[in-house]
Amino acid sequence: MVSSLGRMILRLLRGALRLHPARLALVVLSTAMGAGIAAALGSVALQAEARIARELRSFGANVVVEPVAAAAPGGAAGGAATLSEADLLRVLTIFWRHNVVGLAPSLTAAVTLAGPAGSERALVAGVWFERRLARADGGEPLAAGVVPLFPFWRVDGRWPSPGEEGAAVVGRAVAARLGLARGARATVDAGSGPRTFEVVGLLATGGFEEEEVLVELGAAQALLGRPGQVSRALVSAVTVPLDGFGRRDPGGMTKREFEKWFCTPYVTSVARQVEEAVPGSRARPVWSLAEAEARVLSRLGILMAILAGLSLAAAALAVASTFAARVLGRRTEIALMRASGASAGQVVVLLGAEVLALGLLGGVLGAGLAAVLVPALGAAVFGAPLAPGAALAPLAVAGALLVAAAGAVWPLRRALALDPAPELKEAA
């Protein structure tokens, strides 16, 4: 009896898959669309964090490195008030050295700045405008300096060339007051004698830099009598979103917790490694930027999850309506099975096998759809295609099976609720 029922189920399954091809195609299409979109969003979400973290680095540095004395609370005396320019290269030797994407030292001091319209006290900032630093273990050189670190800065004119110590970029606010224009001569006096610079550009940042005059770091060191010294450095590093564990004080961690924290690219652990690498320094995260990045990345993940869930839910509703129509059209078959002694489990096996087959087919098609969507989404959002990734096919198949199973619940309950006697009487 059991074997005959099994053969009946197989015959019914083969016959069912030949019935109503348009409805079958709609089920497959629904699962493929829902699973493909959800898998594409999942794949993009897995890669988006690193991409967006790098994009956020265009908003400036997330670690500030200062001398211990400059960073001491309450103005307490410490060591030297400057750092060694040469020691800053040790930043490229830390554990997360390949996450460092920007480095910009500076030496600032108050000077007397004179132009055609008068003179006033202002700040001179010696900086690296743009340098390429080789990494000790090879790889792509680091683009260091304020030009790559702050791409949103705008200069009316040009940036000084590397080693051009007679050129200066003047903030547009102070330039307007002193009558300094491109090609003008600006005189800077730090107390040891005046020095004249050619104004090659006017700087617009929307910040305090518009009140400064920027020159090559070597020129500022000579002007201030501080060869090889810097007053602070900005470090830009790609980090993961800062969570509760990343905010913890490492001094209170166990050895295992400290290893996990140290080996995770939190902005706090990167700052700690920078501080250990640069003698006499204190490195601190830019907390406002770190918190903003964490919020952006976490909310992006939530948004991706919601969109993927809505896509799967819409597909499941489409499968439910289509599959319910198929069950309604096969009431007589189901009633005949129940009258022949088939249990509710055997009916579920028959209809479930059909759903499984359609879900698998939809998953394969959904993986193909996702493989097309992922590079397209990457190009549209990040300006460069994203790789589909090895997890794409499993995500699509799992999503399709989830959609098919969720969409089949209601039709299966209706099928099990059928009373065989009235259905067979009506069919007769």
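**Figure 1. Surroundings of Val 235 in the predicted model.** Leaving aside neighbours within four places in sequence, Val 235 is in contact with Ala 61, Asn 62, Val 63, Val 65, Val 91, Val 100, Gly 102 and Leu 103. The structure shown here and in the following views is a predicted model.

**Figure 2. The largest nonpolar core.** This core has 33 residues, of which Val 63, Val 65, Val 100, Leu 103, Leu 133, Val 235 and Val 274 touch the most other members. At least two residues of the core are supplied by each of strand E1, strand E3 (100-115), strand E6 (142-144), strand E13 (232-237) and helix H9 (267-277). Helix H9 gives the most, with five residues. Another core lies apart from this one and has 24 residues, including Ala 38, Val 319, Phe 382 and Ala 396.

**Figure 3. Val 63 and its contacts.** Val 63 is found in strand E1. Its relative accessibility is 1%, so Val 63 counts as buried, the limit being under 20%. When residues up to four places away in sequence are not counted, Val 63 touches Ala 233, Leu 234, Val 235, Val 267, Ala 271, Ala 283, Arg 284, Pro 285 and Val 286. Val 63 and Ala 290 are 227 residues apart along the chain, and their C-alpha atoms are separated by 9.3 Å.

**Figure 4. Pairing of strands E1 and E14.** Strand E1 (residues 63-67) pairs with E14 in the antiparallel sense, and five bridges join the two. One of the residues involved is Pro 67, whose bridge partner in E14 is Ser 281. Strand E14 (residues 281-285) has two faces: Ser 281, Ala 283 and Pro 285 form the covered one, while Arg 282 and Arg 284 form the uncovered one.

**Figure 5. The aromatic pair of Phe 95 and Trp 96.** Eight aromatic pairs are found in a search of the whole structure. In the pair shown, the ring centres of Phe 95 and Trp 96 are 5.1 Å apart and the planes stand at 90°, so the arrangement is edge-to-face. Phe 95 is partly exposed, with a relative accessible area of 46%, whereas Trp 96 is buried, with a relative accessible area of 17%. Ring pairs also link these two residues with Phe 258, Trp 261 and Phe 262 into a cluster.

**Figure 6. The aromatic pair of Phe 245 and Tyr 266.** These two residues form a tilted aromatic pair, with 6.3 Å from centre to centre and 55° between the planes. The pair links distant parts of the chain, as Phe 245 belongs to helix H7 (residues 244-247) and Tyr 266 to the loop between helix H8 (255-262) and H9, 21 residues apart. Both Phe 245 and Tyr 266 are buried. The ring of Phe 245 also has the charged end of Lys 260 over it, 4.9 Å from the ring centre.

**Figure 7. The protein chain as a whole, for orientation.** The secondary structure of the chain comes to 14 helices and 14 strands. The chain has 428 residues, and buried residues make up 43% of them. Among contacts between residues at least 6 apart in sequence, 75% join residues at least 24 apart. The accessible surface of the chain comes to about 19,900 Å², and 62% of this surface belongs to carbon and sulfur atoms.

Methods
Residues are numbered from 1 along each chain as its sequence is written. This is a predicted model: local features need pLDDT of at least 70, side-chain atom pairs count only at pLDDT 80 or more; totals for chains, interfaces and linings use all residues. Side-chain values use heavy atoms; hydrogens and water are left out. Buried means under 20% relative accessible area, exposed over 50%, partly exposed in between (1.4 Å probe, protein chains only). Helices (H or I, at least four residues) and strands (E, at least two) are DSSP runs, numbered from the N terminus. Two strands pair if DSSP finds at least two bridges between them. A nonpolar core is a set of buried Ala, Val, Leu, Ile, Met, Phe, Trp, Tyr and Cys residues joined through side-chain atoms within 4.5 Å. Contact means heavy atoms within 4.5 Å. Rings of Phe, Tyr and Trp (its six-membered ring) pair if their centres lie within 6.5 Å; planes under 30 degrees apart count as stacked, over 60 as edge-to-face and the rest as tilted. A charge sits over a ring if NZ of Lys or CZ of Arg is within 6 Å of the ring centre and within 35 degrees of the ring normal. Accessible areas come from the Shrake-Rupley method with a 1.4 Å probe; for residues, only the protein chains shown count as cover.
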